[in-house]
Amino acid sequence: MADGTPPPSEVLDGLEQALAHRGPDGTGRYRQDDVGLVHARLAIIDLTSGDQPLFGPRGCALVANGEIYNYVELREQILADAPLRTHSDCEPILHLYDRFGAEGVNHLRGMYAFALHDPQAATLTLARDPFGIKPLYYVETPSCFAFASEPQALIAAGLVSASLARRPTGELLQLQFTTGADTIFEGIRRLLPGESLVVKQGRVVGHSVRAALPQGGPQPIGEQQALDRLDQILMDSVNVHQRADVPYGLFLSSGIDSAAILTCMSRLDTNPVQAYTACFPRTGVYDEYDEAHKMAEAMGAHHIKVEITAADFWRKLPAIVACVDDPTADYAIVPTYILAEEAAKDLKVILCGEGGDEIFAGYSRYRRQIRPWWLGGRMRRRTGPFSAGGILIEDPSDWRDGIKAAEQACALPGRSKLQVAQAADCVDWLPHGLLVKLDRCLMAHGLEGRTPLLDPVVGDFGFCLPQDLKLARGRGKYLMRRWLEENVPNSPAFARKKGFTVPVGDWIATQGARLGPLVAADPAIAAIAHPDKVKAVFAGSDKHGLEAAWRLLFFALWHRRHIRGLVPDGDVFECLAHPLG
């Protein structure tokens, strides 16, 4: 608190209740001087003595969300003589802080968001991992500085009101995520990936950033040497990402990234890997299950098929959107949530392939971005679904400002054009879109998601590869494909990518006539869009129109829960039919 008084118990109660779903295995609380910490625990490592807060030298207290994968090496090497009290992977953070201060985070290999109170210095240090795998949000008010793993907890605790910020709203509609430190909620900010803050008497007094990616350009390396090095790096990363005292498994698609992780897991584990794949029966979209099943059989995995239907979509979408308080309107929230719901019945940890496209250059847009304009090159995300058609009352003309700022910040000396595009995605799209989706959809079910391709060792290697080991044979992720080709007989390493999609457009099109008037009449949509245009979008079948329809539907449901505070009650149609409760 800014006035030096202890935080009110009712505020800590509100934070604890709002975050209970993230930590169903217990809670912990700490109050000293002007600082209060609350922790909701999902027990993964050291189930018996790892409860938080954890305490270290000089009375420092720590609450942390995430996993420190190199905790074994830290204990054996840097901290071999430290008086560690538990077997927790997070306790080394306290001793690194004691020895190195704020620079201690540079020794961490993992995903983390933590708060550390140093009572002797009267400071609170917050830090987030370089890729932004684990979230952290904060508010600064005249009376206090407060933080939480989710914005909704700060609102629920009465620390800030739920009001929309204009520019991020335009970003959400056009980009499907929001950029930078400012969230869509007025007054709530993100701790950015790799950022650390030092707080004293309720005010920020120190700031630093740990970069996720190397600053320089591509480094020369031959293909065979790169393949050998990639093999070592992937095996090492998957190995440390499997460190857990609870059961774990894998989300398996038909793509290169999860196939590579499965290959490594199968080498490392004596028992069959438990793998989950979503499929969409009786729809027109490409079904990943058959290709994923071939891979699972080749690796001896226990493969679980999770069918998702239109009925599931309409019934579960309000609850799915309700868990994504920092909004990302990615179709994939639907299968991610439902896969997590199924996996959580048997597991507490899931490995996932997020990050492979950004680190090893998998997106087709990268090839377009590096071409000169006369060969079809173009900027990324130059238009959005609301760039034409006059649907919105006010044109969000500044919706690309955050993207442009990231691109400019990432254009460091020596970096190639491809590296700048990759780095810009790692600044915003990855942490504020893909990783928010993963975190919220899994934590809604008390399931931890781990991303072996978003590891400092993997990132340093993949980002600095020469361009011809990233883009070749008309494909991205060339080196990853070559590795899979060598390690898995008959693998579809160089098959043309069919693309993962969710038949949201098809499902909306079949209900467009019914859905359009409901969405158009919703207070959130009526405030930003022309009702007749909204109805027309839902009545049409144009691909871009259906994308706009999906984002309007998402925003209506999101606004209903996170701005108006209405708990989902019923399916999509029932919720929209009762916009005020």
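A crossover is right-handed if, with the strands pointing away from the viewer, the path from the first strand over the helix to the second runs clockwise. In this predicted model, strand β13, helix α8 and strand β14 make a β-α-β unit of that right-handed kind. The briefing below also covers an open sheet of 6 strands, the helix α3 that packs on that sheet, the largely enclosed helix α5 and the buried residue H39.

**The β-α-β unit**
- The right-handed unit is made by β13, α8 and β14, with α8 spanning residues 289-298.
- Strand β13 covers residues 274-279 and strand β14 covers residues 302-307.
- These two strands, β13 and β14, pair in the parallel sense, with 6 bridges between them.
- Within this pairing, C279 is placed opposite E307 of β14.

**The open sheet**
- The 6 strands of the open sheet follow the order β3-β4-β5-β6-β10-β11, and their pairing is antiparallel.
- At the edges lie β3 and β11 (203-209), each of which pairs on one side only.
- Strands β4 and β5 run antiparallel and are joined by 8 bridges.
- Opposite I68 stands G110, a residue of β5.
- Helix α3 packs on this sheet and touches β3, β4, β5 and β6, while its direction makes about 60 degrees with that of β5.

**Helix α3**
- Helix α3 comprises residues 91-100 and is mostly covered, as 7 of its 10 residues are buried.
- The buried residues of α3 are E91, P92, I93, L94, H95, L96 and Y97.
- Packed against these buried residues are β3 (54-55), β4 (61-68), α2 (71-76), β5 (110-118) and β6 (123-128).

**Helix α5**
- Helix α5 spans residues 166-175; 8 of its 10 residues are buried, so the helix is largely enclosed by the rest of the structure.
- Its buried residues are P168, T169, G170, E171, L172, L173, Q174 and L175.
- Q176 follows α5 and has a positive phi, near 80 degrees.

**Residue H39**
- H39 belongs to strand β2, which covers residues 35-40.
- H39 counts as buried because its relative accessibility is 9%, and the cut-off for buried is under 20%.
- The side chains of H39 and Q52 make a polar contact at 3.3 Å.
- Apart from neighbours within four places in sequence, the residues in contact with H39 are G26, T27, G28, Q52, V63 and A64.

Key. Residues are numbered from 1 along each chain as its sequence is written. This is a predicted model: local features need pLDDT of at least 70, side-chain atom pairs count only at pLDDT 80 or more; totals for chains, interfaces and linings use all residues. Side-chain values use heavy atoms; hydrogens and water are left out. Two strands pair if DSSP finds at least two bridges between them. Helices (H or I, at least four residues) and strands (E, at least two) are DSSP runs, numbered from the N terminus. Buried means under 20% relative accessible area, exposed over 50%, partly exposed in between (1.4 Å probe, protein chains only). A polar contact is a pair of N or O atoms within 3.5 Å; within protein, one must be able to donate a hydrogen and the other to accept it, and residues adjacent in sequence count only if both atoms are side-chain atoms. Contact means heavy atoms within 4.5 Å. Axes are lines fitted to C-alpha atoms, for helices over the stretch in contact, and angles run from 0 to 180 degrees between N-to-C directions.
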